[in-house]
Amino acid sequence: MAHTSDTMPTARTDDVVVEDLLDESVIYDLKTNQAHSLNQTATLVWRHCDGHTTVAQMATLLAKELDVPAHEALVWMTLKRLSRVHLLTAPVTVPAASAPYSRRDAMRALGLAAVLPVIASIVVPHVAHAQSCVTDCSGEPNCSPCDPPDCNKLCCAGGCLPPGQAKSSCGC
Amino acid sequence: MQKIDRLGWADGRSFIAYGLRVGIRANSPEVLDSLVPLLPPGWKPSRSPDVQQLYSLVVGGDSARPGVRRFNLLYANAARVARSMDLDQVLARFESDLRIFVGERAHRRGFVHAGVVGWRGRAIVIPGRSFSGKTTLVRALCERGATYYSDEFAVFDARGRVHPFPTPLGIRDEGETQSTKWPPEKLDARVGVQPLPVGLVAVTRFKEGARWRPRTLTAGPAALALLANTVPARWRPKVAMATLGRVAASALVLEGGRGEAAEMAGALLRRVSAAAGGR
């Protein structure tokens, strides 16, 4: 795995739907049915993951766009997050010297609280999940939400099961 | 499907809703009439027998054999979707399944599980699943003069405007899981007719003792909050994302827990009024 300033990461383009929203973006991963929202910093890094832009160059670009000092650590932090949610074609390993940061470390060391990368994720609901929740699963299609008021379970073969069991038994 | 076709049907009808052709048939003409109020708002009768979804309702009840009762059965095309001695349960299942079908496949509309009211020419959208308190909040807003659009779906067009879906409100008494249907007229509420641009999206859930102190969501998290409640999200992700993105980028989106609906309703209306310049 690449982990130097010359690293040129590449964003996934297969099986993703990207929606640009002002400075941010939302990316739907069709393989996992997860959706991720990227804040401005994460979006900028993501957009420059074109296989031709190095980490060092990204740091310079970020500095210009965000009006902050150039820090490769900020890029590595972002790449780590993008890698974690499988939005890069290959995983990246952050060099130990570049970014051993938790968010708190980053805020303390970089003083860049406002520009730290933020990626929020959800599992996009199965169609039945976006509907009403039932108390009785008999006669209900598999994967309908059940067990009000929390509705954290799914119908499976007439029973109301935790999501993990519903997934393995009924493919929810 | 052939087995179902051979059962013998007393009557059937077809209709169009949101660009979709749906048929219903039953072994009892009377029960067919009871299905009509359960159809989506804006449905129109169709003469075409060619449909995309066919519901077949077998009314059970007493059999010729003494002491034997037959189940009521509901099929969606060839799949059985309900089986119960209680006909009302089967009818409720018909309504629910039909809404899923329409919500997932509607032409040129994106369905988000949400309550919606109109106020000062703008829509207030309250996304959320069942038991999140949407209907209670919609009711509180209507009691303060907001126009009723829906307590179940925000129906978005490609421009991000919300169209009315004014089904009866499903009101639940405290602690109950079953709801009672209230027509909007029972609240003395006006019912929306025109599509509205979204003025405010309130992402919230009732929590005992909570105060409404929301934070503003930026476009990305706002889009996720809507996507989490979008019916056709997996079926048509590109269309869903484009529509929701438009809404998320233009509307004020607030997130936070809430206590009593009355308090929050007032806060929401004041917020929209302020944004609209008090018009």
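Contact, in this talk, means heavy atoms within 4.5 Å. With that rule, the contact takes 36 residues from chain B and 33 residues from chain A.

A word on the ground rules. This is a predicted model, where local features need pLDDT of at least 70, side-chain atom pairs count only at pLDDT 80 or more, and totals for chains, interfaces and linings use all residues. Residues are numbered from 1 along each chain as its sequence is written, chains are lettered from A and ligands numbered from 1 in the order in which they are written, and side-chain values use heavy atoms, with hydrogens and water left out.

Start with the interface. The size of an interface is often given as the accessible area lost when the parts come together. Buried area here is the accessible area (1.4 Å probe) that two parts lose on being put together, summed over both. Chain B and chain A bury about 2900 Å² between them. Of that, 63% lies on carbon and sulfur atoms. Which residues of chain B lose the most area to chain A? They are L224(B), R234(B) and M241(B), together 25% of what that side buries.

How many salt bridges are there between chain B and chain A? Zero, taking a salt bridge as a side-chain nitrogen of Lys or Arg within 4 Å of a carboxyl oxygen of Asp or Glu. Polar contacts do occur: four residue pairs, both residues at pLDDT 80 or more. A polar contact is a pair of N or O atoms within 3.5 Å; within protein, one must be able to donate a hydrogen and the other to accept it, and residues adjacent in sequence count only if both atoms are side-chain atoms.

Now the elements. Helices (H or I, at least four residues) and strands (E, at least two) are DSSP runs, numbered from the N terminus. On the side of chain B that touches chain A, β8 (79-84), α3 (87-105), α5 (219-227) and α6 (237-250) of chain B each supply at least two residues.

Next, the sheet in chain B. Two strands pair if DSSP finds at least two bridges between them. Six strands form an open sheet in the order β3-β1-β2-β4-β7-β8 (chain B), with mixed pairing. β3 (44-46) and β8 of chain B stand at the edges, each with a single partner strand, so one side of each has no neighbour in the sheet. From one strand to the next, the twist averages 25 degrees. Angles run from 0 to 180 degrees between N-to-C directions, and axes are lines fitted to C-alpha atoms, for helices over the stretch in contact.

Look inside that sheet. β4 (residues 53-58) and β7 (residues 72-76) of chain B pair in the antiparallel sense over four bridges. Y55(B) has A76(B) in β7(B) as its bridge partner. α3(B) lies across β1 (11-17), β2 (20-26), β4, β7 and β8 of chain B, at about 180 degrees to β4(B).

Over to chain A. Its open sheet has four strands, in the order β1-β2-β3-β4 (chain A), with antiparallel pairing. β1 (16-21) and β4 (119-123) of chain A are the edge strands. The twist averages 15 degrees from one strand to the next. β2 (residues 24-29) and β3 (residues 34-38) of chain A pair over five bridges. There, S25(A) has L38(A) as its bridge partner. Helix α1 (residues 40-47) of chain A lies across β1, β2, β3 and β4 of chain A, at about 65 degrees to β2(A).

Last, a hairpin and a salt bridge. β6(A) and β7 (residues 159-161) of chain A pair in the antiparallel sense over three bridges. Their hairpin has two residues between the strands, and A157(A) takes a positive phi near 50 degrees. Over all chains, the count comes to 15 salt bridges. In one, the side chains of D14(A) and K31(A) meet at 3.3 Å, N to O. D14(A) sits in the segment before β1 of chain A, and K31(A) in the loop between β2 and β3 of chain A, 17 residues apart.
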